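These are my notebook entries on one protein model.

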Amino acid sequence: MQKIQVKPGAKIDDYKAYGSLYSSVLDFLENVKKPIGNLGDCTIWMINSTAIGGGVAEMLPSQMRILRELGISIEWLVIEASDNDFFNLTKRIHNAIHGSGNGAFTDADREVFEKVNRENLPMAIDLINDGDIVVIHDPQPMPLAEMIREEKDVSLIWRCHIGLDDETETTDSVWTFLAPYLDYYDHFIFSLPEYVPRNLKKKTSIIPPAIDPLSHKNRTLNLHKCIGILHQSGIIDEDIRILYHPYKHQVRRVMPDGSFGSVNQHNKLDFIYRPIITEISRWDRLKGFKELMQAFIKMKIDNREKGDPNSLEYKRTEMALLVMGGPDPAFVSDDPEGKAVLDELTRAYQEIDEELQNDIAILLLPLDNPKENALIVNAVQLCSSIVVQNSIQEGFGLTATEAMWKRRPILVSGAAGLRFQVQDGKTGKINDDPTDIGKLMATLSYMLHNTKERDKWGFNGQLRVIQNFTLFSQLVSWLEVFSKAKQKLI
């Protein structure tokens with residue numbers, strides 16, 4: 001287990017300086033006075049499984065900086081594991097909670113699950129004191145609750161960021177496997193009411209995830225900064241003068257032969273000159289990358305077969321570029337399933353004709369520098385005509401929130417976490433079935449050609465994020481839970 005140091009960042013006054021956030025900050029400061037007063041001198045401990053990548057790791061630093069500025073003691077611990085069996089198991093648990101896989105778990109699985117957590121226990125026991133509040137995020141560190149409670153008198157909260165808005169044999173099986181660990185928690189937090197198992201509803205609070213508007217992934221980038229990032233990262237390679245040096249590790253692209261090369265090695269991407277349809281996520285079958293690529297290809301083929309070559313719509317479709325981005329496998333050693341999904345997507349890409357390959361870019365984003373990675377995602381989203389999250393299942397989907405904050409028109413599937421964020425026809429478009437290639441293609445085409453509608457969706461989307469999905473609304477809910485935990489009211 002390691003203790004994560006959070007670097008300095010934006011302060012409360014920095015957020016207040018933005019007119020769009022000013023009222024949210026004032027409301028936040030007023031609403032947290034009472035719960036902060038109830039916390040006393042206890043420390044809040046956040047425990048999860050990674051310090052880099054994923055929504056939890058992205059949200060925690062900003063939350064911690066704001067809470068520390070308000071005088072609250074809060075720390076962050078990350079469990080460590082070198083056993084591939086543990087990562088494979090927790091990925092199966094993750095998928096099963098989403099309703100994917102068979103949900104079958106064994107005594108051997110439980111042994112691996114508990115062994116890794118027990119190996120991480122000593123440092124937690126050394127640091128945590130009686131009277132503290134411990135928040136454990138997602139399944140990976142879940143068994144720690146019982147182990148910590150044997151040694152310390154603390155309040156224990158489990159925060160689950162994933163879920164399925166339905167009960168299936170798979171979800172029933174995984175919740176049965178996790179049931180022995182639930183008894184040791186005082187309270188639970190889920191992202192949506194639909195995700196809460198029936199036996200936990202009376203002990204659960206609902207706190208949707210949220211973004212930090214001033215983080216590197218979401219901060220405002222002027223035109224010159226945006227172009228500079230794209231150049232530094234290797235996405236564009238025109239002979240221009242830029243202020244900063246290129247990044248040490250550049251974005252790579254899947255080549256037609258399946259190898260990885262520089263973005264413009266095979267053909268010029270012309271990134272900033274084309275209508276761009278983008279999905280950025282981890283390489284996961286539940287993210288719907290393959291279906292999105294199939295719909296994009298069908299849109300291109302249908303346009304060539306049925307469209308009017310003299311029309312603007314024909315030309316726009318012909319110029320459209322599909323960008324699918326995810327982690328560069330060179331920087332990820334603990335996600336064998338992610339590599340397998342990327343391999344599947346690569347093989348599908350290799351099977352299409354060369355002309356269509358030139359209109360599709362599978363980009364591998366380096367993870368060695370979290371700031372640079374965040375800025376790359378920010379710049380790519382800002383340059384996109386449409387941002388897509390075509391998830392088969394999605395616990396929430398901060399990528400959609402991020403795009404809406406940037407006033408990018410968003411196309412999402414009907415997965416519960418995405419449907420909760422996007423209002424169809426007002427803040428974006430919802431294509432209910434991400435596997436229905438025909439409907440997905442039709443929605444993509446509609447959005448691509450309705451430019452005024454896209455502007456409207458982008459404007460309304462940013463307003464919805466300001467009202468519902470910034471870290472200030474989230475922190476009010478967190479502090480109310482912490483206050484009740486300290487007073488033993490949960």
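Before the entries, I set down one cut-off: I count a polar contact where a pair of N or O atoms lies within 3.5 Å, and within protein one atom must be able to donate a hydrogen and the other to accept it. I also note that the model is predicted.

Entry 1, Arg464. I located Arg464 in helix 18, which spans residues 451-468. I then asked which side chain of opposite charge is nearest to Arg464. I found Glu194, at 11 Å. Arg464 is buried and has no salt bridge; I apply a limit of 4 Å between a side-chain nitrogen of Lys or Arg and a carboxyl oxygen of Asp or Glu.

I next looked up backbone oxygens around the side chain of Arg464. The backbone oxygen of Gln421 lies 2.5 Å from a polar atom of that side chain. For the backbone oxygen of Phe420, I read 2.8 Å to a polar atom of the Arg464 side chain.

I placed Thr317 in helix 11, residues 312-319. Is Thr317 buried or exposed? I recorded a relative accessible area of 2%, so Thr317 is buried. Apart from neighbours within four places in sequence, Thr317 is in contact with Met299, Lys300, Asn303, Leu448 and His449.

Asp270, which is not a glycine, has a positive phi of about 50°. I found Asp270 in the loop between strand 9 (260-262) and strand 10 (276-280).

I located Arg407 in the loop between helix 15 (398-405) and strand 14 (410-413). Arg407 counts as partly exposed because its relative accessibility is 38%.

I noted about 330 Å³ of space in the second largest pocket. How many residues line this pocket? I recorded 19, and those nearest its centre are Glu167, Asp172, Trp175, Pro197 and Arg198. I then asked which helix gives the most to the lining of the second largest pocket. I found that helix 8 (residues 169-182) does, with 6 residues.

Definitions and conventions:
Residues are numbered from 1 along each chain as its sequence is written. This is a predicted model: local features need pLDDT of at least 70, side-chain atom pairs count only at pLDDT 80 or more; totals for chains, interfaces and linings use all residues. Side-chain values use heavy atoms; hydrogens and water are left out. Helices (H or I, at least four residues) and strands (E, at least two) are DSSP runs, numbered from the N terminus. Buried means under 20% relative accessible area, exposed over 50%, partly exposed in between (1.4 Å probe, protein chains only). Lys and Arg count as positive and Asp and Glu as negative; His and the chain ends are not counted. On a 1 Å grid over the protein atoms alone, a cavity is a set of points where a 1.4 Å probe fits but cannot get out, and a pocket is an open set with protein on both sides within 12 Å along at least five of seven lines; lining residues have an atom within 4 Å of a point. Grid points are joined across faces, edges and corners, and a volume is the space filled by probe spheres set on the points. Contact means heavy atoms within 4.5 Å.
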